[in-house]
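User: I would like to go through this model and ask, for each label, what it rests on.

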Amino acid sequence: MATLSVSVTAVIKDTTVFAEEILPFLPQPVRGMLNRIPPIAIDKLEEIRIREDQPLLLRVGDKHYFINEQGSLLDEPRECYRISNQDIQRTLQLISEGSLYALEEELRNGYLTLRGGHRVGFVGRAVLDKGRVKTLKYISSLNFRLARQVKGCADKILPFLFKPSGGGIYHTLIVSPPQCGKTTLLRDLVRQLSNGVVSLRVAGVNVGLVDERSEIAGCFRGKPQNDVGVRTDVLDGCPKAEGMLMLIRSMSPRVVATDEIGRQEDAVALEEMLHAGITVISTVHGSSLEDLGCRPALRYILENRVFERIVFLGRTMGPGTVEGIIDGGGKKLLDRPLTGTGVKGRQ
Amino acid sequence: MIKFIGAGLVVSGAGFFGVTMARNYARRPWQLRWLQSALQMLETEIAYASSPLPEALDHVARSCHHPIEILFQGAREELKEREGVTVAEAWEAAIKKFQPVSALLSSDIGVLVSFGRGLGRSDREEQLKNLALTREQLRLQEVAAEAERVRSERMWRILGFLVGIAMVFILY
């Protein structure tokens with residue numbers, strides 16, 4: 001009974017979040033339809049795909065659904081709702097607050113972050129200036145990706161990250177293929193390190209977060225929309241290598257966290273952090289150490305054993321599965337995979 | 001004696017009516033000029049501050065004269081309060097509120113309506129082109145309004161007094 005009531009509140013919370021943070025950005029016919037989809041689907045809704053002249057598509061968990069005007073989810077695209085050019089134009093106006101001109105940077109990057117940390121990606125025709133993308137026009141596809149913060153998903157790996165007898169935190173690298181909860185895990189790690197972990201009797205430390213793509217803290221006009229902890233300073237939209245160095249100089253963090261390292265300048269910045277005695281927590285795309293070794297900058301980092309804990313994520317037991325944890329020397333610290341604590345697709 | 005006072009009242013009454021009519025002709029070029037400077041402010045907001053439109057409209061509304069502020073404030077409120085409204089729709093709704101209190105003619109309003117259709121929906125360069133075009137159109141309207149004012153203002157001002165004097169003569 002207890003578990004049932006918990007899941008019911010979770011569903012209600014998701015429905016209100018959905019109604020307040022996503023629906024206002026969708027144009028009228030679409031908004032009405034999505035208002036009528038069952039709450040249980042909203043709970044697992046991950047993406048809303050809007051493509052000109054194509055059916056409106058929802059990704060719920062791992063499945064794709066079409067939708068008809070009554071708001072029923074369909075497996076087949078018959079009688080489903082198709083997106084018009086008008087719908088796209090209205091959506092653009094709504095997400096930009098009628099100020100497309102203020103989104104130059106976002107149009108160049110191809111995405112923007114909404115209040116609540118949700119992400120809207122878009123593509124269209126690129127306008128070039130001296131061979132580089134200047135802006136996009138004739139936008140034809142939009143993708144709403146719903147942000148879900150999963151508090152507590154780092155609980156299981158936290159005990160592996162602290163040095164014995166209060167010696168601080170290990171340099172940690174999270175290795176994961178896309179869609180396995182890498183950013184979600186990093187966000188929760190940042191939050192817990194920043195707030196302190198009562199169960200492990202660890203006090204919180206100052207955390208600097210370089211959020212180049214506004215994915216971790218989900219900043220909206222500079223203010224974090226996700227809970228990233230009380231001692232966290234977020235440098236939003238800043239290139240990683242430069243941002244890490246800026247944070248050392250400006251905010252004296254004990255821990256610096258950043259997403260998806262891998263370029264040569266990142267490696268240089270990492271070395272700088274090590275000399276400054278700052279713990280680095282980062283993520284990288286990949287599924288094994290061999291994968292990482294193929295990228296020169298990462299190989300350099302791995303050969304120098306910069307990271308003392310490497311956490312591998314996968315989907316063998318659902319998204320967010322911790323497949324393994326090794327130390328800098330390659331010694332395994334986990335004998336079997338750990339299930340993800342409700343990362344993304346909750347069961 | 002009473003006759004003299006009565007005659008004075010008639011002449012000054014008719015004269016006042018004429019002056020009021022003349023002032024009405026002066027209001028249109030003023031308002032057109034204020035509109036241009038409001039658009040100039042909006043241009044600064046868009047070009048240099050990159051403020052989102054509701055914020056930009058608010059800034060402009062705060063620093064303009066009555067009744068121009070009704071237009072900008074109205075558009076901002078429509079954008080903020082009505083869910084799912086586009087900029088063009090919000091702007092047109094604001095124009096509906098603004099038109100009765102303004103001295104503008106329907107040709108002036110037409111310029112504003114077509115400006116609203118492009119507002120906010122393209123990149124900065126396009127926005128600046130739209131603003132420049134609209135300001136130029138308003139300037140032409142202003143030149144015409146000014147010519148109209150010069151012609152009609154003097155006529156009404158003199159006509160008022162003349163009619164007053166004529167009435168005095170007829171009544172005697």
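Analyst: A:S252 lies in the loop between α8 (240-251) and β13 (255-258) of chain A, where helices (H or I, at least four residues) and strands (E, at least two) are DSSP runs, numbered from the N terminus. This is a predicted model, in which local features need pLDDT of at least 70, side-chain atom pairs count only at pLDDT 80 or more, and totals for chains, interfaces and linings use all residues. Residues are numbered from 1 along each chain as its sequence is written, chains are lettered from A and ligands numbered from 1 in the order in which they are written, and side-chain values use heavy atoms, with hydrogens and water left out.

User: Why does A:S252 count as exposed?

Analyst: Its relative accessibility is 52%, and exposed means over 50%, buried under 20% and partly exposed in between (1.4 Å probe, protein chains only), so A:S252 counts as exposed.

User: What makes A:R90 and B:E89 a salt bridge?

Analyst: The closest N and O atoms of A:R90 and B:E89 are 2.6 Å apart, and the rule asks for a side-chain nitrogen of Lys or Arg within 4 Å of a carboxyl oxygen of Asp or Glu, so the pair qualifies. Across the interface of chain B and chain A, the rule finds three salt bridges.

User: How many residues does each chain bring to the contact?

Analyst: Chain B brings 22 residues and chain A 15 residues, contact meaning heavy atoms within 4.5 Å.
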